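Visitor: I am new to this structure and would be grateful for a close look at a single part of it. Could you please describe the aromatic rings and what lies around them?

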Amino acid sequence: QVQLVESGGGLVQAGGSLRLSCVVSGSIFKIADMRWYRQAPGKQRERVATIGSGGTTNYADSVSGRFTISRDNTKNTLYLQMNNLKPEDTAVYFCNINAFVLARDSWNTYWGQGTQVTVSS
């Protein structure tokens, strides 16, 4: 069984910073892309940032220059450093991975349960 557990969300004033973490556990042979998504009330879930297994990153235009995605492959952990936060960044943030699972002998997609980020003006 694969589990993704996010942490680090909270309430912060505009201009502040937060660092999200996502710890992956379970019988995983390999993790390919790791991503952060977010979903604000009444809106569709949107991709925030992606990091490949080799460290290549990609960001949504709305967060480029303010957010930094990183990963520690030795700890199977994904991070999102969020700086200069804005009220429009308020959302539930989810981590998402593509991983090869030994028990299934296949690649699968997994989601965390989400962590709330609230930015006050």
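Guide: What follows is an account of the aromatic rings and of the charged groups placed over some rings. Please bear in mind that the model is predicted.

The count of aromatic pairs comes to 4. One of the pairs joins Phe 94 and Trp 111: the ring centres are 6.4 Å apart and the planes stand at 85°, so the arrangement is edge-to-face, for which the angle must be over 60 degrees. Phe 94 belongs to strand S9 (residues 91–101) and Trp 111 to strand S10 (residues 106–111), so this pair ties together parts that are 17 residues apart in sequence. Phe 94 counts as buried because its relative accessibility is 9%, under the limit of 20%. Trp 111, with 38% relative accessibility, counts as partly exposed. The ring of Trp 111 also has a charge over it: the charged end of Arg 45 sits there, 4.7 Å from the ring centre.

A further pair is formed by Phe 100 and Trp 107. Their ring centres lie 5.7 Å apart and their planes meet at 75°, so this pair is edge-to-face. Phe 100 is buried, at 17% relative accessibility, whereas Trp 107 is partly exposed, with a relative accessible area of 46%. Phe 100 and Trp 107 form one aromatic cluster together with Phe 29.

Finally, there is Tyr 79, whose ring has the charged end of Arg 19 over it, 4.1 Å from the ring centre.

Terms used: Residues are numbered from 1 along each chain as its sequence is written. This is a predicted model: local features need pLDDT of at least 70, side-chain atom pairs count only at pLDDT 80 or more; totals for chains, interfaces and linings use all residues. Side-chain values use heavy atoms; hydrogens and water are left out. Rings of Phe, Tyr and Trp (its six-membered ring) pair if their centres lie within 6.5 Å; planes under 30 degrees apart count as stacked, over 60 as edge-to-face and the rest as tilted. Helices (H or I, at least four residues) and strands (E, at least two) are DSSP runs, numbered from the N terminus. Buried means under 20% relative accessible area, exposed over 50%, partly exposed in between (1.4 Å probe, protein chains only). A charge sits over a ring if NZ of Lys or CZ of Arg is within 6 Å of the ring centre and within 35 degrees of the ring normal.
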